[in-house]
Amino acid sequence: MAENRDDLTRAALLTHSLASWKFFLLLGMLPLLWAVTVLPAGWLQIIVVINAGYIAFGCWRLWLDEGYFRILNQDCHAAAGETLAFIWQRERLSTLTPTEREQGARRQLHLTMKATMLAWALWLLALIITL
């Protein structure tokens, strides 16, 4: 009973953490808008734009994972794996365990968070350079 409750708590925390994609998208797009409108064309603008694209991709993946973990439970995990393997044409997706899927979602969350922090560091660097 206690183990089942711990699994539900962990899944709820993961789902709520993955829902932070909205904030990462907003925080990642602010430096992009500034770079496109104010920053002169150059290498720094290109890096900011590429990083913003990576943030947008990461947010899309977090959105997909949030929906996946919100809908699925342990009972239908195998069928979901087969469906994902068919959709993405990757056989490995059918053999992942729920723990491996959670680890992958957490890794994507951390990568998106780091890319967002990089966007703000680049923004600060660009502000210092242009002043």
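The following is a working chat about the predicted model of one protein chain.

Biologist: Before we start, how are the residues numbered, and what pLDDT do local features need?

Modeller: Residues are numbered from 1 along each chain as its sequence is written. In this predicted model, local features need pLDDT of at least 70, side-chain atom pairs count only at pLDDT 80 or more, totals for chains, interfaces and linings use all residues, and side-chain values use heavy atoms, with hydrogens and water left out.

Biologist: How many helices and strands does the protein chain have?

Modeller: The protein chain has five helices and zero strands, and its pattern along the sequence is α-α-α-α-α. Helices (H or I, at least four residues) and strands (E, at least two) are DSSP runs, numbered from the N terminus.

Biologist: What radius of gyration does the chain have, and what would a compact globule of 131 residues have?

Modeller: The protein chain has 18 Å, while a compact globule of 131 residues would have a value near 14 Å. The radius of gyration is taken over C-alpha atoms, and the globule rule is 2.2 Å times the number of residues to the power 0.38. Along the principal axes, the C-alpha atoms fill a box of roughly 60 × 35 × 15 Å.

Biologist: What percentage of the residues is buried?

Modeller: Buried residues are 34% of the 131 residues. Buried means under 20% relative accessible area, exposed means over 50%, and partly exposed lies in between (1.4 Å probe, protein chains only).

Biologist: Which residues touch the most other members of the largest nonpolar core?

Modeller: They are Leu18, Phe24, Ile55, Cys59, Leu62, Phe69 and Leu109, in a core of 14 residues. Helix 1 (2–18), helix 2 (21–37), helix 3 (43–71) and helix 5 (98–130) each supply at least two residues of this core. Helix 3 gives the most, with five residues. Apart from this core lies another, of eight residues, including Ala35, Leu39, Leu44 and Trp123. A nonpolar core is a set of buried Ala, Val, Leu, Ile, Met, Phe, Trp, Tyr and Cys residues joined through side-chain atoms within 4.5 Å.

Biologist: What does leucine 18 touch?

Modeller: Not counting residues up to four places away in sequence, leucine 18 touches Leu62, Asp65, Glu66, Phe69, Ala105 and Leu109. Contact means heavy atoms within 4.5 Å. For the protein chain, 74% of the contacts with a separation of 6 or more are between residues 24 or more positions apart.

Biologist: Let us change topic. Where does leucine 93 lie?

Modeller: Leucine 93 is in the loop between helix 4 (77–88) and helix 5.

Biologist: Why does leucine 93 count as buried?

Modeller: Leucine 93 counts as buried because its relative accessibility is 13%. Beyond its neighbours within four places in sequence, leucine 93 is in contact with Gly81, Leu84, Ala85, Trp88 and Arg101. Leucine 93 and glutamine 45 are 48 residues apart in sequence, with 36 Å between their C-alpha atoms.

Biologist: And glutamine 89, is it buried or exposed?

Modeller: Glutamine 89 is exposed, because its relative accessible area is 62%. Glutamine 89 is also in the loop between helix 4 and helix 5. Glutamine 89 has a positive phi of about 55°, although it is not a glycine.

Biologist: Which helix holds alanine 12?

Modeller: Alanine 12 is in helix 1. At a relative accessible area of 35%, alanine 12 is partly exposed. Alanine 12 and arginine 70 are 58 residues apart in sequence, yet their C-alpha atoms are 8.2 Å apart in space.

Biologist: Where is lysine 114 found?

Modeller: Lysine 114 lies in helix 5 and counts as exposed at 53% relative accessibility.

Biologist: Lastly, where is isoleucine 46?

Modeller: Isoleucine 46 is found in helix 3. Isoleucine 46 counts as exposed, at 52% relative accessibility.
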